[in-house]
Amino acid sequence: MTIQTFPAAMVLFAAAVSAQTAQPVLEVTSQLGTKFYSLADEKGVVNEAAKNLAADPKNADLIMKLEAAQVSVWQDREAVITCTRALKLTPRSAEIYTERGHRELPLRDFKHALADLNRAVALDPKRMDTYYHLGLAHYFLGEFKEAGAAFRHAVELAPNLDERINSSNWLYASLRRAHQDTEAAQAMAQITPEMKNTADHTLFYLNLVRFFQQRLPESEALPPEPPAGNTDSETELRFDTVAYGVGNWHLYNNDAAKAQEYFARVVKGHVWITWGFVGAEVEIVRARRH
């Protein structure tokens with residue numbers, strides 16, 4: 001490709017991105033047969049990022065800004081492709097391997113996510129977010145002992161109390177599912193009564209932990225269920241996270257029917273990218289196979 005023709009090609013690339021991503025596109029079909037779509041790019045953020053990248057196509061930072069724009073409108077499939085493009089320029093970036101693994105998880109591509117996240121750990125064994133997402137990959141694959149080991153690293157490396165509480169929530173769930181009840185109780189004991197979250201939007205994680213500790217009743221831990229037709233993603237995120245956690249608690253306390261009721265309530269929503277939604281879907285599929 002010559003210098004003269006390269007800019008024209010990149011303009012065509014930007015135009016193609018714009019045409020393909022302005023409206024919702026199919027991202028993944030779940031194991032339950034549900035089709036999940038991206039959001040409409042109403043503000044044109046993907047198109048804008050693509051245009052900026054067209055002016056400097058070998059700029060890894062601009063590639064990842066395109067990826068961030070894609071993620072903002074739930075274009076996880078496209079974001080994975082963009083991460084792959086960035087990795088061709090920075091093949092030893094633990095950060096980008098972690099990001100690609102992160103985006104493969106809501107696409108239900110757990111095995112590829114696992115491979116990417118293990119590669120990221122090998123490149124940089126001190127990244128909290130890598131272990132967190134590695135734990136999720138193992139967890140969704142039903143590898144609960146391995147998930148527990150990853151989440152334990154995430155807890156140890158957590159940079160603040162919010163991240164520690166969040167990771168402890170998944171550590172506890174992983175250990176309970178692995179039948180390591182003593183270790184699970186020890187994990188919960190590390191979140192003492194005086195500990196508080198530092199951000200309002202993470203309060204639901206703390207409430208879930210307090211429920212596990214039997215310090216908060218189920219009815220108070222659970223946020224309001226979003227009404228039919230809800231379009232507020234944050235409202236559903238809060239509900240999905242806690243409802244999945246409470247349902248999971250019923251599952252490992254031998255009330256599978258109650259657990260499945262919770263999981264069914266979660267997957268009625270539309271925010272298919274939340275870990276609670278992914279987890280609920282996985283458990284419904286797993287129950288049907290058995």
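Buried means under 20% relative accessible area, exposed over 50%, and partly exposed in between (1.4 Å probe, protein chains only).

## Basis of the model

This is a predicted model, in which local features need pLDDT of at least 70 and side-chain atom pairs count only at pLDDT 80 or more, while totals for chains, interfaces and linings use all residues. Residues are numbered from 1 along each chain as its sequence is written, and side-chain values use heavy atoms, with hydrogens and water left out.

## Salt bridges

A salt bridge is a side-chain nitrogen of Lys or Arg within 4 Å of a carboxyl oxygen of Asp or Glu. By this rule the count comes to 12 salt bridges. One of them joins Asp129 to Arg127, with the closest N and O atoms 3.1 Å apart. Arg127 is partly exposed at 21% relative accessibility, and Asp129 is partly exposed at 28%.

Glu283 pairs with Arg177 in a salt bridge whose closest N and O atoms are 2.9 Å apart. Because Glu283 lies in helix H15 (residues 275–289) and Arg177 in helix H9 (residues 161–177), the pair ties together parts that are 106 residues apart in sequence. Helices (H or I, at least four residues) are DSSP runs, numbered from the N terminus. Glu283 is buried at 4% relative accessibility, and Arg177 is buried at 13%.

## Packing of H4 and H5

Helix H4 (residues 76–89) packs on helix H5 (residues 94–104) at an angle of about 160 degrees, and their axes are 9 Å apart. H4 is therefore roughly antiparallel to H5, a term for angles over 145 degrees. Axes are lines fitted to C-alpha atoms over the stretch in contact, and angles run from 0 to 180 degrees between N-to-C directions.

Contact means heavy atoms within 4.5 Å. The residues of H4 that meet H5 include Asp76, Val80, Cys83 and Leu87, and their counterparts in H5 include Ile96, Tyr97, Arg100 and Arg103. By class, this contact has 7 nonpolar, 1 polar and 5 charged residues. Ala, Val, Leu, Ile, Met, Phe, Trp, Tyr, Cys and Pro count as nonpolar, Asp, Glu, Lys and Arg as charged, and the others, Gly among them, as polar.

His102 lies in helix H5 and is buried at 17% relative accessibility. Not counting residues up to four places away in sequence, His102 touches His133 and Trp275.

Arg108 is found in the loop between H5 and helix H6 (110–123). Although not a glycine, Arg108 has a positive phi of about 65 degrees, and this residue is buried at 13% relative accessibility.

Note on methods
Helix = DSSP H or I, 4+ residues; strand = E, 2+ residues; numbered from the N terminus. Parallel < 35°, antiparallel > 145°, perpendicular 65-115°, else oblique.
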